[in-house]
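Here are my notes for your review. Please read them with the coordinates open.

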Amino acid sequence: MFAKILGSSLILLSSSFLGFYYSKGFQRRIDDLRVLKKALILLRGEVNYALSPMPEALENVSERFDHEIAHFFKSIADELNLNQGKTLTQVWKKHAVEVLEKTYLNGLDIKNLIMFSENIGYLDKEMQNNNIHLLLEQLDEEIKTAIENDAKYNKLYRSLGVLAGIFIIVVML
């Protein structure tokens, strides 16, 4: 009897944990999108006011916060500083796939960042500002959608985790 109660408790706890774990993914994506937006605003400031070359601007932005996205900017700056003849777009694409896979950004977010890289780094200041502004608008829409999805699915995942645990316990008894 004690073994059944202990087993049932473990099943309920583990399924509830899974439900809460998956529900947290929505909030983590919102956090990652907000950090990315903040980084792009800082990058725009570096382009506009500091007039820094792109590797220096990316490095300056990466030093202002500690997040996987800062590591993304830092890795691009480091590779550009090695001066191996690669374009910013090539380096950006490579690191977007490698580094941003560790974040909660989805495929569309990474695709938007890759498309952004094709128009940055070689244009004049105003065109770079326009590209950053366009990406910031896209991020605002993604954040809005992510918040709606969080409100819609967060509670659902948590409830499913608990209910799945109860269902498994009932089936096993």
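Predicted model: local features only at pLDDT ≥ 70, side-chain atom pairs only at ≥ 80, totals over all residues.

1. Helix α1 against helix α2. Helix α1 spans residues 2-50. Its axis lies 9 Å from that of α2, at an angle of about 135°. The crossing is right-handed. On the α1 side, the contact uses A39, L42, L43, E46 and V47. On the α2 side, M54, A57, L58, N60 and V61 take part. By class, the contact of α1 with α2 holds 8 nonpolar residues, 1 polar and 1 charged.

2. Helix α2 against helix α3. Helix α2 covers residues 54-62, and helix α3 covers residues 68-81. Their axes are 8 Å apart, and the packing angle is about 150°. The pair is therefore roughly antiparallel. Here α2 passes α3 in a left-handed crossing. From α2 come P55, L58, E59, V61 and S62. From α3 come A70, F73, K74, I76, A77, L80 and N81. This contact divides into 8 nonpolar, 2 polar and 2 charged residues.

3. Helix α3 against helix α4. These two pack at an angle of about 145°, with axes 9 Å apart. Their crossing is right-handed. Helix α3 supplies E68, H71, F72, S75, I76, E79 and L80. Helix α4 answers with L88, V91, W92, K94, H95, A96 and V99. The class count for α3 with α4 is 8 nonpolar, 3 polar and 3 charged.

4. The largest nonpolar core. How many residues are in the largest nonpolar core? There are 39. L40, L43, L58, F73 and W92 touch the most other members. Two or more residues come from each of α1, α2, α3, α4 (88-99), α5 (107-117) and α6 (125-172). The largest share, 9 residues, is from α1. As background, nonpolar side chains tend to be buried together in soluble globular proteins.

5. L58. Look at this residue when checking the core. Not counting residues up to four places away in sequence, L58 touches L43, F73, I76, A77, L80, L88 and W92. L43, F73 and W92 are also named, with L58, among the core residues that touch the most other members.

6. A57. This residue sits in helix α2. A57 is buried, at 0% relative accessibility. Which residues does A57 touch, not counting those up to four places away in sequence? They are L43, E46 and S52. A57 and L42 are 15 residues apart along the chain, and their C-alpha atoms are separated by 8.8 Å.

7. L51. The loop between α1 and α2 holds L51. Its phi is near 50°, a positive value in a residue other than glycine. Most residues other than glycine have a negative phi. Is L51 buried or exposed? L51 is exposed, with a relative accessible area of 58%. I would look at the backbone here by eye.

8. D109. Helix α5 contains D109. Is D109 buried or exposed? D109 counts as buried, at 3% relative accessibility. Leaving aside neighbours within four places in sequence, D109 is in contact with R29, L33 and E142.

9. I11. This residue lies in helix α1. Leaving aside neighbours within four places in sequence, I11 is in contact with G165, I168, I169 and M172. I11 and I168 are 157 residues apart along the chain. Their C-alpha atoms are separated by 7.7 Å.

10. E148. Helix α6 contains E148. E148 is partly exposed, with a relative accessible area of 44%. From E148 to F26 the C-alpha distance is 9.7 Å. In sequence, the two are 122 residues apart.

Key. Residues numbered from 1 in each chain as written. Heavy atoms only, no water. Axes fitted to C-alpha atoms, helices over the stretch in contact; angles between N-to-C directions. Helix = DSSP H or I, 4+ residues; strand = E, 2+ residues; numbered from the N terminus. Parallel < 35°, antiparallel > 145°, perpendicular 65-115°, else oblique. Left-handed = near helix turned anticlockwise from the far one by under 90°. Contact = heavy atoms within 4.5 Å. Nonpolar A, V, L, I, M, F, W, Y, C, P; charged D, E, K, R; others polar. Core = buried A, V, L, I, M, F, W, Y, C linked by side-chain atoms within 4.5 Å. Buried < 20%, exposed > 50% of the residue type's maximum accessible area, 1.4 Å probe, protein only.
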